[in-house]
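Trainee: Could you take me closely through one part of this model, the way its helices and nonpolar side chains pack, and then turn to the backbone?

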Amino acid sequence: MAGEIEPASPATDLLSKMKSSIKYNNSSFIYKGLDDAVLNDDRTIRGIDIVSMPEKHIQVIKTTREGVTTSMILACRQSGLRPLVIVPTNDIINKTIMQIPHKFNFPAKYIHIPTNFDCIINKDKIENNPKLSDMPYIMRGGKCYDEKEEKNNKAECKHYNTCKLTEVIREDEVDLYATTYHKWSALILAASLTNKEHHEKDVSAQNILDKILKNIDIIIYDEAHILQFPDSISYIINELNNYQARCSPINLNTVKNIQELVTKFEKLGLQLVIDDGDVEKYKDNLQGFIAKYEIEDYVRDSSFYGKPELKQILKRIPNEYKELKGIVKLLILIASSNEIIYAENKVIDMILSSDKRTYKKHQIVKIENPHYKLFCYDKKNNKPVSESIKVATIMGELEQLCTSGKVDELFILELYNILNIVQSKELVIDGQQDSNNNITIRINVVDTSLSNAVKRMTNKKQTFFTSATFGSQDYSDFTVSPSSQMLHGNKYKQNVKQVIFGDFFKTNSKMTIFPDKKTFSPFGRYSFKSMEDDIEKSCRFYFDQIGKNNFIVFCSSITECNNWRDKFTKLGYYEEDEKGNPTPDSPIITYYQSPDVMGVECDRRFGIAIGIQQLPSHAHDHFTESAEQSQISREEAMRMNVWQAWSRVKDPNGEELSFLIALGVNGRDCRNIVTWGSNLKTTIEHPEGEKAKTINVTVDEDISKPNIIDVFLHLKIAATVAENLLKCQRKGEKCHSINILRQNNGFRLHFDDKSSLLHRFLKVQKLSLKTKSDKKGKKYSKTLITNHIKGQNKLLYNPISKDNTTDAVHFVTSSDYERVLISLILDEKNISHHVFKDGKKYYIYVFIEETDSATAKLFAESILSACGFAIQGKNKTVDYFPKSKTYNRMNDYAVLPFGRNCEILGDGDLNVQRYRIPVKDTQVAQQAEDVKTYNKLNCSKLFLT
């Protein structure tokens, strides 16, 4: 469905209409209207428009850091609607949603849907045994309500009326429920697995679900882009080091002795050099032979291929935990099956195949779990058992093992992952090859519980999907329940209306991004490792110039994040408090997809991106249907995570400008990262003969974008802009530095304008003119000027009059960087100037009050000195005028501006403000006879203080 913008209702009409039409869920709804300031906020008005729409399913395309989640919740309150808000993280609930009543001063009952960790009994357990907090899941501390004890008045747990866990069941007058995606999917899954009826006071999954659905009017899925990417659990079953053989592994089940094994190797073109006597020595010890000659990567059998690491896990589990031992044995059995061996061989063949580029391969094989029935079987009683009872038994053992103190939390998590794999009906085998030819083979389980949870609920309530970073996922896929889809396919799929919320505070247009000309990658010339020194140098420079406490730094991964935290700690730039948070005078150093960078406030307005997120080439193979889908999904995921992170520097109120330095991210990638809107499409092109693929991102209707300045990143420029920005913000003045950076487009001038400007700017009647072929200067004439402007001859002029005075200083360069830096330095000192472009050259003019040429010359050199540019010698790159202190009729001629192809850069402002050079010590200036003397006098301080 095409995106569309619904017109916002005028605030006055809206208020009068709503006073007569507010609908309440029931008579007990405690209502207090919102303040007029909040009601008249464009975002609240837009939110009310959207929640009033009649469509069943609505996709709200918002702007990052615009406060849309809050606006939608306020709109619900003003419209008399009770929402269930589902978000990615608890941080968004605790720091944003639960604070809304206090922030906007109205009474409300908000419930953060609890987990079993909120049970008071469990909290006591965790206090006595903190390891329990590391459990991925925990059983309830006991029965919340025991129906059998009703007669004895002991049915309720003693904490029933105070426990967070029972609050959902106890409370009827609730204004809002909030939970995370994972909690919501777990709740619905638990409700679907348990068919047993529970007492209405019991805290069962079905009771909680029924209570919530009874009390709500709408469901808001916030940051709903995450629905595009299902969760998955992966377990490495094999690692092949430096694997380059174009062959399938040898199955040892078909090998009788060592000699036969050697023969099979020879057929593969691999010759084993065996020590004398080893054939006899190892004839009954094939595994010992394999270990000695390090040929594990080429052989498989049921005993060896069953993964030595799994056998070590089995040994670590105490004998009394029979169910836990059982799931590890089951994974060994699955990993050793012929089905897995066949799938792995097929994946390896795909990886090693050279007929396609790697991103055009889909390196997966899907198979049914060959031993699923064994999971749902009770060996002790020799009969099948339900999956829910089996899982509950195993989780009970897992909890006991955790509290025993015999294992750490990582071991518990590994066992939990194994449980999820062996209980799955479908397995996906995939493989990744790194730059050292190491191949990793994994079993993957795609978790569809979240998408199924959404599908089960979309037809029960009006549904809103909100995000600033929707990818190419068709959200109408979530409008068909799993059972209906199984029976009827997509026959009953419903439309999802797309609406753009709007960027009312123009937060995007007040953000400026500086791309790099390099692109960082995991390996190669510009790898993160090889660029470490440059990255450190850049970060330290910005920290020193702007203030480290103004920055948030985004790293490509948690590993890189920890690396840079350690580095900057040693360098004295980073420090953490006792809770592990950065101190107020330290930069925030985080990573893409961290909980710190989604939906939470940030007071830093300067950011440094150290590259973008790097996902493995085939990271999305296991849940997509083709190589193209996998690569598009991967690209969109990286862009989503990067833009969500970069947006932290924006001011949600749109008052402050924000600034991001993208180290190792080129301009094209930056543009793709900030492109979002309705009906987004991502395409990947790889023209024949070109080394790199091209990613194209298009939308039907886009959200406003930040400014991306295509000036290649230089420390001096970025630091100067930032300094000017901070200075202007402190004074409450408008900063012109950003406009200077945007001056890439020129304005063509009419003939009359050029003629007028030449006479106003340069007083050309007084100047000596000539063409390149002339040996002597010519006197001014209108014909000479006319021919110059029309391009019939190109005039040169001597900037110095015969009385040794001048009324202009100008610089000539072909470098965009030099042009920008000169402009920034002039702007920093409030020196009015104009930039002209003729062909490939830039001419930066400062029109001055008439002064002696010696002073003007020294002033020009002071500007170049402030920029750090050489004034003479082989390192001189910028030409400047006047070059002499006195008139010279033979030399020092410059190109007269306003020729045929001349353009003025910027907004076309033709006003002339002549600058008066504030010479502090004219005598000193006159005495300076050479560049060495200028340097001794520190000419940049002479004029620019």
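Predicted model: local features only at pLDDT ≥ 70, side-chain atom pairs only at ≥ 80, totals over all residues.

Mentor: Helix α15, residues 322–335, packs against helix α18, residues 387–404, at an angle of about 110 degrees and with the axes 8 Å apart; because angles of 65 to 115 degrees count as roughly perpendicular, that is how the pair α15 and α18 is described. Their crossing is left-handed, and the contact is formed by K322, E323, L324 and I327 on the α15 side and by K390, T393, I394, E397, L398 and L401 on the α18 side. By type, the residues of this contact comprise five nonpolar, one polar and four charged.

Leaving aside residues up to four places away in sequence, W646 touches several others, including M511, I513, F554, Y592 and L660.

As for the backbone, most residues other than glycine have a negative phi, and most peptide bonds are trans. Q593, although not a glycine, has a positive phi of about 75 degrees; Q593 sits in the loop between β18 and β19 and is exposed, at 51% relative accessible area. The peptide bond joining F881 and P882 is cis, with omega about 0 degrees, and P882 belongs to the loop between β32 and β33.

Notes. Residues numbered from 1 in each chain as written. Heavy atoms only, no water. Axes fitted to C-alpha atoms, helices over the stretch in contact; angles between N-to-C directions. Helix = DSSP H or I, 4+ residues; strand = E, 2+ residues; numbered from the N terminus. Parallel < 35°, antiparallel > 145°, perpendicular 65-115°, else oblique. Left-handed = near helix turned anticlockwise from the far one by under 90°. Contact = heavy atoms within 4.5 Å. Nonpolar A, V, L, I, M, F, W, Y, C, P; charged D, E, K, R; others polar. Buried < 20%, exposed > 50% of the residue type's maximum accessible area, 1.4 Å probe, protein only.
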